Amino acid sequence: MRRFITHLTRDERAVSTTVTYVLTIAITTILLSGLITAAGGLVGSQQEQATRNELGVVGERIAGELTSVDHLVQAGTEPDVRLRTSHPRRIVGAPYAVELKTGGADPCSHPQCLVLSTADVTVTVPFDNATAVSPGRVVGGDVVIEYDRSNETLVLGEP
């Protein structure tokens with residue numbers, strides 16, 4: 001019997017198989033978690049880039065609309081201009097705000113610009129026009145641009 005027990009204690013085959021199995025599972029788990037982490041970071045950066053691009057597009061549209069209203073105001077003798085435009089309410093699933101800034105206020109180094117922002121991303125779109133603008137802020141979606149004759153300024157507002 002003693003010889004049998006000695007023979008079993010020197011047998012390492014079962015341990016080798018078990019250790020190999022455990023190491024294989026551990027390495028596979030580490031590799032999979034690394035891939036998932038890397039993919040999550042890639043998706044996050046892609047979402048941020050998509051948000052930045054969409055905010056830029058909406059900002060350029062609103063800047064173009066402000067410039068169009070400015071041209072109408074400059075062409076009229078006693079202009080009464082009001083333009084209602086429709087834009088997406090959400091960008092990449094998140095609400096956003098549009099702020100009209102003047103006087104080179106941070107983050108706008110231009111005399112006037114639009115600052116579009118979500119919780120994570122901010123985009124600045126400068127524009128030029130002859131008519132003065134009043135600083136203001138609206139939530140994304142439907143936007144009204146009108147000429148305020150009493151102050152002789154363009155105003156950004158909500159309908």
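A nonpolar core is a set of buried Ala, Val, Leu, Ile, Met, Phe, Trp, Tyr and Cys residues joined through side-chain atoms within 4.5 Å, where buried means under 20% relative accessible area with a 1.4 Å probe and protein chains only. The model is predicted, with local features needing pLDDT of at least 70 and side-chain atom pairs counting only at pLDDT 80 or more, while totals for chains, interfaces and linings use all residues. Residues are numbered from 1 along each chain as its sequence is written, and side-chain values use heavy atoms, leaving out hydrogens and water.

**View 1. The largest nonpolar core has 25 residues.** Ile62, Leu66, Val98, Leu114, Leu116 and Leu156 touch the most other members. At least two core residues come from each of several elements, among them α2 (13-75), β4 (97-102) and β5 (112-117), and α2 supplies the largest share, seven residues. Helices (H or I, at least four residues) and strands (E, at least two) are DSSP runs, numbered from the N terminus.

**View 2. Contacts of Leu66.** Leaving aside residues up to four places away in sequence, Leu66 touches Leu100, Leu114, Phe127, Ile145 and Leu154, with contact meaning heavy atoms within 4.5 Å.

**View 3. An open sheet of four strands has the order β1-β9-β10-β7.** Its pairing is mixed, two strands being paired if DSSP finds at least two bridges between them. β1 and β9 are antiparallel over five bridges, and Ser86 has Asp142 in β9 as its bridge partner.

**View 4. A hairpin of four residues joins β5 to β6.**

Conventions
Buried < 20%, exposed > 50% of the residue type's maximum accessible area, 1.4 Å probe, protein only.
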